[in-house]
Amino acid sequence: MPELTHRRRMLILGICCMSLLIVSLDNTILNVALPSMRRDFHASVSGLQWTIDAYLVVIASLLLLSGSTADRLGRKKIFRIGLVFFTLGSLLCSLAPGLGWLIAFRMIQAVGGSMLNPVAMSIITNTFTDARERARAIGVWGGVVGISMAAGPIVGGALVETVGWRSIFWINLPVGVLALILTSRYIPESRAPRPRRVDPVGQVLVIALLGSLTYGIIEGSGAGWTSPLIVGCFVVTVLALLGLTRYEKRRTDPLIDVRFFRSAPFSGATLIAVSGFAALGGFLFLNTLYLQDDRGLSALDAGLYMLPMAVMCLVFAPLSGRLVASRGPRLPLMLAGLTMTASGVIFAVLDAESSNALLFTSYVLFGIGFGLVNAPITNTAVSGMPRAQAGVAAAVASTSRQIGQSLGVAVIGAALAAGMPTTAWWIISGCGASVLLIGTLTTGRWARGTAERAADLLVPEEDDTPRIPVSTS
């Protein structure tokens, strides 16, 4: 990619953030609309879970393919295709005549979504080559998540109350079209120097792994955990995982390069993404149903109740980017783990539902934690990696986010369906504790050394392929 002016780099960042905005808004708005959808479609808890997880499973299954395809065929080209699919899927979702159709159209959205965020992050990584500038750009990226969390519940609540839940998908249409026009005009094309070959066997194994695991967790309560169907799902999950691990080691161009995981920061970022976004998925799912079903609040009032969480996320996401740029990822990860754990404990031990003061305290703490966790995940995942493979590295981090969120909705929803809400909150606390522990272990001097050695395996020392600098702590 040729050297770009500061103004052009900022414009590219803004365009990429537009894709993140519509994807993130879609998730937060959808949560607010769940009770209305349940009434219109007479849906069960598992049906509501599938409106979220059908999207997340598909997007998680295809993110790696989209990242490697973008590196091979061109990031701008794949990004544009993703915008078309996501916008079209949003239109179809607004027209869905039933729950089954809505779930199917959400999967079309997911096909487009898989081509947006990881490819956009790869574009950003290749645009902002300076480590500090890249960390600040990623902080802005994380701030967009905060904006979506702040605006989503309120905008979604207002739309659900005044127009109906179908209108929540209309927001994506003008933003998607505008992003498509700006992308065509201003984002330069870029691709990896050496194209990677397609890995159809690995792709099928990833789909089998994520699909069977999610189905087993969501349907386990209804079908019975020891039923042949559910046991069979988990057997498929284990076999797919073993097959994927063994097969990918023998591939020249694997879908998932297992050598990435020899980098402690990369492995840590992957596990932190799963834990942090599992907490987010479960937190939003639980609170949306609690505020509207148990407290009887309207969709708009429920959105306003969760505004403290969203505002904290909006404030702390860019702050996290600046902390990563100046101090490294360890401090924001430790603070994120502490605050997310405390938020879950307030619900599990102190019965936050009994007091608005406790409820809002928990929301504030969770918003701080989630705002802090996003930037170090992305920055750490690509640190030390060859820039030519940034798309795949960013896609693995994005995949981990989607896997975490889908598992959070599946596991927390299963606990809720089984009548164990306190257990659900302890699970969220455990996710926060995992962020704290793993973040502490994988961000020190030893961890940086493993990242450098992993990069040497990916690109020999005599190769002059540029590498993304390793963040300091």
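User: How many cavities of 30 Å³ or more does a search of the whole structure find?

Analyst: This is a predicted model, in which local features need pLDDT of at least 70, side-chain atom pairs count only at pLDDT 80 or more, and totals for chains, interfaces and linings use all residues. Residues are numbered from 1 along each chain as its sequence is written, and side-chain values use heavy atoms, with hydrogens and water left out. A cavity is a set of points on a 1 Å grid over the protein atoms alone where a 1.4 Å probe fits but cannot get out, and a volume is the space filled by probe spheres set on points joined across faces, edges and corners. With the limit of 30 Å³ or more, the search of the whole structure gives six cavities.

User: What is the volume of the largest cavity, and which residues are the closest to its centre?

Analyst: The volume of the largest cavity is about 340 Å³. Lining residues have an atom within 4 Å of a point. There are 27 of them here, and the closest to the centre are L20, S24, N117, F277 and R401.

User: Which helix gives the most to the lining of the largest cavity?

Analyst: Helices are DSSP runs (H or I, at least four residues) numbered from the N terminus. Those that each supply at least two residues of this lining include helix 1 (6–41), helix 10 (264–294) and helix 15 (390–417). With six residues, the one that gives the most is helix 15.

User: Which residue forms a salt bridge with E133?

Analyst: A salt bridge is a side-chain nitrogen of Lys or Arg within 4 Å of a carboxyl oxygen of Asp or Glu, and by this rule the count is four. One of them has its closest N and O atoms 3.1 Å apart and joins E133 to R9. E133 belongs to helix 6 and R9 to helix 1, so the pair ties together parts that are 124 residues apart in sequence. The partner of E133 is therefore R9.

User: Is R9 buried or exposed?

Analyst: Buried means under 20% relative accessible area, exposed over 50%, and partly exposed in between (1.4 Å probe, protein chains only). R9 has 11% relative accessibility, so R9 counts as buried.

User: How far apart are the closest N and O atoms of D293 and R38?

Analyst: D293 lies in helix 10 and R38 in helix 1, so their pairing ties together parts that are 255 residues apart in sequence. D293 counts as partly exposed at 34% relative accessibility, and R38 counts as partly exposed at 22%. The closest N and O atoms of this salt bridge are apart by 2.0 Å.

Methods:
1 Å grid on protein atoms, 1.4 Å probe; cavity = no way out; pocket = protein on both sides within 12 Å on 5 of 7 lines; lining within 4 Å.
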